[in-house]
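Reader: I have this chain open on my screen and I'd like a close look at just one spot. Pick a residue, please, and walk me through its surroundings.

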Amino acid sequence: MRVLLQAHMDTEKANEVIRSGKMPQVMQEIMEGFKPEVSYFGPDNGVRTMFLVFDMQESAQLPPLTEQLFQVFGAKVDYTPVMNLEDLQKGLSQLK
């Protein structure tokens, strides 16, 4: 299932990671874990936010994928099922 993850990072925790010089390494590890279809980064509600669209095979992926975001960034995380145009068209074709 295609999922949109939004990770809203705690500013102080993110600042610590940036100051330590570990941000590139941490982001690389996160990208390797999620293998996102697309990733974007920017402010949302006044905090640093990561937006990732990735394929979730099973709900058991949630703990190993999300834990680093909680521990390293003190992030507030939301998962939302999403569709691309092809998915939407496929779903609409099944309506009667």
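Author: Starting at the N terminus, the elements go β-α-α-β-β-α-β-α, which is four helices and four strands. You're looking at a predicted model, where local features need pLDDT of at least 70, side-chain atom pairs count only at pLDDT 80 or more, and totals for chains, interfaces and linings use all residues. Residues are numbered from 1 along each chain as its sequence is written, and side-chain values use heavy atoms, with hydrogens and water left out.

Let's zoom in on T49, which sits in strand 3 (residues 47–55). T49 has a relative accessible area of 2%, so it's buried (under 20%; exposed is over 50%, partly exposed in between, with a 1.4 Å probe and protein chains only). In the chain as a whole, 29% of the 96 residues count as buried.

What does the T49 side chain reach? There's a polar contact of 3.1 Å with the side chain of H8, and the backbone oxygen of V47 is reached at 3.0 Å. A polar contact here is a pair of N or O atoms within 3.5 Å; within protein, one must be able to donate a hydrogen and the other to accept it, and residues adjacent in sequence count only if both atoms are side-chain atoms.

Contact in general means heavy atoms within 4.5 Å. Setting aside neighbours within four places in sequence, T49 is in contact with A7, H8, Y40, F41, G42, P43 and D44. Zooming back out, 66% of the chain's contacts between residues at least 6 apart in sequence join residues at least 24 apart.

Conventions. Helices (H or I, at least four residues) and strands (E, at least two) are DSSP runs, numbered from the N terminus.
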